[in-house]
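These are my notebook entries on a structure I examined. I set down what I looked up, entry by entry.

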Amino acid sequence: MTQDTPTPQDLRDDLRYLQLLSESFPTTAAASTEIINLEAILNLPKGTEHFLADVHGEYEAFDHVLKNASGTILRKIKEIFDTSMLQQEMSELATLVYYPREVLEKMQKELDGETRAEWYKVTLHRLVMLCRKSSEKYTRSKVRKALPKEYSYILEELLHEKGDTPSKVAYTESIFNTIISIDQADDFIIALCQTIKRMVIDHLHIVGDIYDRGPGAQHIMDTVLAYHHVDIQWGNHDILWMGAAAGNLACMANVIRIALRYANLDTIEDGYGINLLPLATFAMETYDGDPCSCFQPKLGDADGSPDSKSVCLIGQMHKAIAIIQFKLEYQLIQKHPEYGMASRNLLHKINFEEGTIDLSGTAPNGGYGTHPMKDRNFPTIDSKDPYALTERELSVVEKLRDSFFKSEKLHRHIRGMYSKGSMYLAINGNLLFHASMPLNEQGQLKEVEINGATFKGKALYEHIETIVREAYFGKKGSSVRENACDYMWYLWCGPDSPLFDKSAMTTLERYFVEDKATHTEIKGYYYKYRGEEEVADRILKEFDLQGENCHIINGHVPVKAKKGEKPVMAGGKLLVIDGGFSRAYQSTTGIAGYTLIFNSRGMQLVQHEPFSCKKDAIEKLDDIKSVSILTQPLKERIYVRDTNVGTKLQGQIDNLKKLLMAYRLGLIKEKP
């Protein structure tokens, strides 16, 4: 026996587990077959991972990037057909893969019978070749499971027929002819396109911030929850929605305020059926005649912007919910002095007679003195008790809370956010977290106090994740759940929150004070030190990741490419993939985001230009223009055995080998 070979006593110690395992593999032959299968999988190249961050409700762009796999599909088409197809034809084939139903409908209108039949033959042949190329790194079993059930048999035949002999060519041609003659070509092409897209990306990582700003977060969540293999690292905007769904009123007010700020009510009203009529009625009556100029929405250049009457109402609702938010936040700050956020209570610092606000002591450098207010109309604020909600405000809050509570789709998506999500993920040498790792002034991991105990690094992230889960799934009515629910708001805007990590969120100052110096939000030390390779290595080591091929992958802070900022830092150890996926940021960043591809041969960071729309992508072949700005080839190709999945599979192999030995020693009897 080798040193790693289990002894009979080892097997007896594991007998209970091995008996359970024998239920799935009841004979020596069954266990041996599975070992052979798993060993073969370990020696395949790792699947391709696709990383996105900060999609912020931009569903059409998100959907297109998933469909084109950040340009991977077009690159594979060029690898296969570069010498046999024109550029236009390759673009047409790529667009067919992205949007098969729409392209087929267009083709039906443009081509007559004979031409259409020939188009079908050529297209089927090309798609089979592309599908074969896309699935070459996977086992037949994995490919078979990914195939649409109704065509799995025939697709499997085509994918594994090379057509090297005349008889094989004739066999393939007869299949294509039959598919066309029985009017199944469209369905078959759609099935092929779905399989190609499924094979090109094996695992999708979303490094935070699905929600807010754009109009389609609900559609993104539908897509994510139906995706074959996906994980989410929670961003601050995701946590805000999770807090709102858990019952945190301050989080709820922030969610609504941000939606109104960007004139984006699609997700709240149409997506989740949240009834904003009580807020609208209250706002119209309370701010009748008030232009609410400080609360005009950011409309951008999007089509379908609201008319002037709607903009006026949105401004009134925006102001109403902002004032409610400041009052609700005061309640949390008073309840939790340990948050250290008393300086964010500012309503009592307003001089309503003079129309000024005293900001002394509100900033880390000692304050900004007294400033004139841009807005002086505050009918719902009692100067003697400025944080008290009026009866009508209380009524609005109760109705909104009830609406959030009753939204079945919202809670289905939030439960999905929990089941697919986490605060961080360490996978295949990469550490994924959305925003920051709290550091002290010396660049060391910072001790953060939570409920009287201190945590840092990995322990901090894991403790926070426990709190986040307790906020939604904890025992109703318990103080533990209530405090956890309160903490969700702190995670949104608290100074030591890894999802925020700034001195303060200066929302009130941005609305009411002209002097931009008062808007300053000083970033934590992570943002000072994240460019240093030594710091990146220290953080990676904290999460048991070491070596030249390990990376930190972040989003959160948009990279201003047009100002010369770079997404690659710390000697290539840290990659920031937020480049402005959200339209709201694109004027600042100058681009439309980054995505990261990690396959068996290395990493590729892709920079994207803004996406026009789905219609242009189909009719004008207007694919997202992407350029690779970083390629990190590996010295040696990565195989499944080198990945986290490989470690799990090796564990299964080891246990199956123990089961084989238990069978041979008679400790467990084979089942006939």
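**Entry 1: helix H2**

I took buried as under 20% relative accessible area, exposed as over 50% and partly exposed as in between, with a 1.4 Å probe and protein chains only. Helices (H or I, at least four residues) and strands (E, at least two) are DSSP runs, numbered from the N terminus. The model is predicted: local features need pLDDT of at least 70, side-chain atom pairs count only at pLDDT 80 or more, and totals for chains, interfaces and linings use all residues. Residues are numbered from 1 along each chain as its sequence is written, and side-chain values use heavy atoms, with hydrogens and water left out.

I then listed the buried residues of H2 (residues 15-24), which are Leu18, Leu21 and Ser22. They cover an arc of only 105° around the axis, which puts them on the same side of H2; the arc is that of the directions from the helix axis to the C-beta atoms. An α-helix has 3.6 residues a turn, so residues three or four places apart point the same way. I found the buried residues of H2 packed against helix H1 (8-13) and helix H28 (644-665), with contact meaning heavy atoms within 4.5 Å.

**Entry 2: strand E12**

I noted that both faces of E12 (residues 551-554) are covered, with His551 and Ile553 buried on one side and Ile552 and Asn554 buried on the other. E12 pairs with strand E9 (residues 430-432) in the parallel sense over three bridges; two strands pair if DSSP finds at least two bridges between them. Asn430 has His551 of E12 as its bridge partner. Three bridges also join E12 to strand E14 (residues 574-576), and these run parallel. Here Asn554 has Val576 of E14 as its bridge partner.

**Entry 3: aromatic rings**

I searched the whole structure and found 25 aromatic pairs. Rings of Phe, Tyr and Trp (its six-membered ring) pair if their centres lie within 6.5 Å; planes under 30 degrees apart count as stacked, over 60 as edge-to-face and the rest as tilted. Tyr211 and Trp241 are stacked, at 4.7 Å centre to centre and 20° between the planes. Tyr211 lies in the loop between strand E2 (203-206) and helix H13 (217-226) and Trp241 in helix H14 (residues 236-246), so the pair ties together parts that are 30 residues apart in sequence. Tyr211 counts as buried, at 0% relative accessibility.
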